[in-house]
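Welcome! Keep the sequence and the 3D view at hand, and try each exercise before reading its solution.

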Amino acid sequence: MRLLLLVACAGLLHACAWSPFRLADRHLAHRPMLEDIEHNRFALGKSDSVVGQLATVQLEKGDSLPDVARHFGLGLQEIAEANPGTDLWVPESGRTLILPMQFVVPDTVRKGLVVNLAAMRLFYFPSKTSGEVITFPVGIGREGRSTPTGEMSIVRKAAHPAWYVPASIRKDHALKGDPLPAVVSPGPDNPLGDYAMYLSRPSYLIHGTNKPYGIGLRASNGCVRLYPENIEALYRQVPVKTPVHIVNQPYLVGWRDGELYLEAHKPHEELDGKRLKKALMSELKKIEKKAGRKLDLPRIERILSEARGIPIPIFENSDNLDQLVSNAVAVKYPDELFGQPKPPAMTDRGWYITALESGDELSARRMAAVLNHQGPQIPARVVPLANGRFRVIAGPFKSSRATKEAARRMKIDLDITGDIVSPKERLSLK
């Protein structure tokens, strides 16, 4: 994914319908904080279809939304849509972030694996009698190579799988000047990650990834991707022959404790948004008549237009979003964000690449964050210069060959032309 697409993606996430609501930190300062919160496993009653709970956390310097999302078991789009206007790569330090950790279960059979493409989330129902659901964020097929919907099953599993590259993908990479072998062996360059579950629909898999920052985005060639830690947990629990139901439901209606909730996501391009909205309103009118409670129609319109992916009650006199967030669980900032990439210390013997020099510190910090979140990571940092400008330096790399490979990836994937600096030229970085 080129840098232009990354920037465009960030812009789209920020442009989720604007809302005047911003979390008022002063109202949250004296709430008791939890050390941690359940990310993935929830009790699920037969008559309920909403699980989890809304939470908040205060950002610290050096955070990025991909890091916070991964630590709390969320996808990138989930956390970005819930916090419109927040910088994807360099969010404001001290800002209180909404963690959208409450979910409406898709309207389909509760058996085996269920993937909702619209929400970019997978639900696993271990058995009919367990009374629980396990859920993880996923990455799915990009526009033009959408993940297919329908009923499938797991036909086989593989740990440390080899990737047999489809001819169409080899052709695409060759056109970019990035030829791929017919088979990619297990290891850090394998996009399948360490675990794969093969679907009954040929060529489609549920697998890990070597690019964790892409979870919660439409970035794959049609397969379903999970964070490395999540696919490992799922792989150990899901047996062969488990049914898999893939749906695309942007508008989710669910009940919890007698309240009716609506969770909305922006419909993908292959869906008819107007038809879906008409069907939703027809369903809601039936529920209104049966329940004997009036719907808050202006609130429903706002939920649909903003599409923030947060389940919100929609009967009149129910809590609105502001009230939900004010009552959300405050989570203590962790000692360390799980999976957060950190560049190793600079050394006199290392090889480096100068990726950018700019007078704008935020631009430099964004580029360094983008590089650090490549898969595999291209370690990068921002170095302030004596003239008041800022330089983005990638490295250190152990050899000339490793440096040239990183420079090649930067050019092909991000359209960044960097200058290689050898150990003898190390002083030029200061």
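Which residue just after α7 takes a positive phi? Start at the end of the helix: there, A307 has a positive phi of about 45°.

Before going on, a word on the model: it is predicted, so local features need pLDDT of at least 70 and side-chain atom pairs count only at pLDDT 80 or more, while totals for chains, interfaces and linings use all residues. Residues are numbered from 1 along each chain as its sequence is written, and side-chain values use heavy atoms, with hydrogens and water left out.

**Exercise 1. Describe how α6 and α7 pack.**

Step 1. Find the two helices, α6 at residues 273-291 and α7 at residues 297-306. Helices are DSSP runs of H or I with at least four residues, strands are runs of E with at least two, and both are numbered from the N terminus.

Step 2. Take the geometry: the angle is about 150° and the axes lie 13 Å apart. Axes are lines fitted to C-alpha atoms, for helices over the stretch in contact, and angles run from 0 to 180 degrees between N-to-C directions.

Step 3. Name the arrangement: α6 is roughly antiparallel to α7, a label for angles over 145 degrees.

Step 4. List the partners. From α6 come K277, L280, M281, L284 and K285, and they meet L297, I300, E301 and L304 of α7. Contact here means heavy atoms within 4.5 Å.

Step 5. Sort them by class: six are nonpolar, none polar and three charged. Ala, Val, Leu, Ile, Met, Phe, Trp, Tyr, Cys and Pro count as nonpolar, Asp, Glu, Lys and Arg as charged, and the others, Gly among them, as polar.

**Exercise 2. Find the buried residues of α7 and their cover.**

Step 1. R299, I300, I303, L304 and E306 are buried (under 20% relative accessible area, 1.4 Å probe, protein chains only).

Step 2. Their cover includes β19 (251-256), β20 (259-264), α6 and β21 (312-313).

**Exercise 3. Is Y124 buried or exposed?**

Step 1. Locate Y124 in strand β8, residues 121-125.

Step 2. Check its relative accessible area: at 5%, Y124 is buried.

Step 3. Look for its contacts beyond four places in sequence; among them are G112, L113, E132, V133 and L234.

Step 4. Now step away to E283, 159 residues from Y124 along the chain: their C-alpha atoms are separated by 26 Å.

Technical notes
Angles under 35 degrees count as roughly parallel, over 145 as roughly antiparallel, 65 to 115 as roughly perpendicular and the rest as oblique. Buried means under 20% relative accessible area, exposed over 50%, partly exposed in between (1.4 Å probe, protein chains only).
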